Number of protein chains: 2
Amino acid sequence: MSSRPVLQPLERLCSLLRADVRQRGLAHGLQPVQVEALCYLASCNRYSDTPQAVTEYLGSTKGTVSQTLKVLEREGLVLKSPDREDRRVVRLRLTARGRALAGELSTPPLFVQALGDSQVDAELLDGELRALLVAAQRATGNRSFGVCHSCRFFRREGKRIFRCGLTEEPLSVADSERICREHDAATQAG
Amino acid sequence: MSSRPVLQPLERLCSLLRADVRQRGLAHGLQPVQVEALCYLASCNRYSDTPQAVTEYLGSTKGTVSQTLKVLEREGLVLKSPDREDRRVVRLRLTARGRALAGELSTPPLFVQALGDSQVDAELLDGELRALLVAAQRATGNRSFGVCHSCRFFRREGKRIFRCGLTEEPLSVADSERICREHDAATQAG
DNA sequence: ACAGATGGTATCGAGTCGATACAAATGGAG
DNA sequence: CTCCATTTGTATCGACTCGATACCATCTGT
């Protein structure tokens with residue numbers, strides 16, 4: 001039996017992924033954290049586009065994230081606008097350039113290729129990793145930041161008509177495919 | 001189909017792992033990079049205990065790594081000694097404290113628990129991740145840093161007698177279970 | 001109306017990291 | 001043997017991250 005099963009290859013993959021993101025982000029003058037924040041903003045839903053949500057997602061502090069976002073704003077990648085209902089809150093959205101860059105940076109070409117080259121079943125591996133992720137998030141007490149339609153608050157009211165059971169607001173199909181900070185995995189057996 | 005299969009959960013697990021290592025390392029006054037270097041040195045073989053090897057392992061630069069190692073030395077966790085054959089080379093080895101700390105930090109308790117809680121088959125997942133890792137290393141042109149006995153240079157000469165086909169030196173059983181910078185995965189079908 | 005909680009920003013100091021320059025040792029080519 | 005390119009490691013600098021602290025504005029509950 002190899003030492004530290006799962007953990008060791010996971011950490012090595014982490015290192016490689018980070019090195020790759022670092023390199024590709026640097027080509028656009030972005031630090032790794034900034035890339036992560038940008039990619040998050042490109043895939044989060046309307047409940048999750050605030051500095052506070054980014055802070056929880058990155059597992060960082062609000063002060064640090066504030067600086068990160070300031071850079072992204074200065075670079076013309078994100079726009080800040082005050083929330084209408086709560087004027088303490090800032091809403092973040094990507095500019096056209098920001099969206100384009102996020103799309104480019106969110107899929108590391110070399111890893112996509114590696115995934116194809118290796119003989120592993122991507123769908124199977126994806127499922128296992130997500131199961132492990134849910135367990136890890138539960139163990140560490142972190143929010144899950146899952147996709148809306150996999151949340152226990154998600155309600156199906158019609159063929160293409162959904163609703164969030166937490167905010168009671170209607171959701172479009174597009175909404176349901178995005179990351180939500182309020183996401184809570186369905187109660188699982190075990 | 002969820003967006004970015006495999007990659008998305010992998011990145012989330014990365015973030016959580018890093019946040020966890022950060023927190024536990026900080027309790028001992030160590031930065032994440034320092035923890036990674038320490039854990040590497042705790043599990044590498046005698047061909048791989050130099051600053052250069054650490055540099056390649058971390059995917060960093062020798063200047064940066066030199067600083068990292070200086071800190072670890074100052075903290076009394078690693079010892080430096082000149083190589084006898086090549087006096088440019090520095091050999092790194094852990095002190096008793098360093099070894100103890102590496103052991104403590106290399107197994108994140110919360111993730112081990114999460115791995116148990118989740119219903120995934122650890123051995124199966126481990127195999128898939130290692131396959132993906134090999135493919136990723138090949139794609140990015142990085143060294144594999146695999147365990148000695150899985151290397152194509154590894155030769156079995158007796159029941160418990162091994163030899164490295166690259167250096168032609170004999171290897172103990174303990175040697176064969178450690179990480180080697182010269183590691184090269186066996187030629188694989190496909 | 002007021003107190004506490006919440007969301008965000010500003011600033012500071014310790015530390016990372018890439019780049020550059022540099023020193024020491026090795027290994028060939030002549 | 002001498003010269004020179006290469007390799008290994010260190011020192012230093014500037015841009016940047018990150019945690020901590022302090023601070024302000026706004027919301028919420030009593």
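Buried area is the accessible area (1.4 Å probe) that two parts lose on being put together, summed over both. The model is predicted: local features need pLDDT of at least 70, side-chain atom pairs count only at pLDDT 80 or more, and totals for chains, interfaces and linings use all residues. Side-chain values use heavy atoms, without hydrogens and water.

**Exercise 1.** Describe the interface of chain B and chain A.

Solution. 
- Step 1: area. The two chains bury about 5100 Å², 72% of it on carbon and sulfur atoms.
- Step 2: Salt bridges (a side-chain nitrogen of Lys or Arg within 4 Å of a carboxyl oxygen of Asp or Glu) number zero between chain B and chain A.
- Step 3: elements, taken as DSSP runs (helices H or I, at least four residues; strands E, at least two), numbered from the N terminus. On chain B, α1 (7-26), α6 (109-117) and α7 (122-140) each give at least two residues to the side that touches chain A. The largest share, 15 residues, comes from α7(B).

**Exercise 2.** Which residues are closest to DNA strand C, and which element gives the largest share of the surface near DNA strand C?

Solution. 
- Step 1: neighbours (a heavy atom within 4 Å).
- Step 2: Of the atoms of DNA strand C within 4 Å of the protein, 68% belong to sugar or phosphate and the rest to bases.
- Step 3: single distances. Lys62(A) places a polar side-chain atom 2.9 Å from a base oxygen of DNA strand C. For Ser60(B), a polar side-chain atom lies 3.3 Å from a phosphate oxygen of DNA strand C.
- Step 4: share. α4(A) gives the largest, five residues.

Methods: Residues are numbered from 1 along each chain as its sequence is written. Chains are lettered from A and ligands numbered from 1 in the order in which they are written. A polar contact is a pair of N or O atoms within 3.5 Å; within protein, one must be able to donate a hydrogen and the other to accept it, and residues adjacent in sequence count only if both atoms are side-chain atoms.
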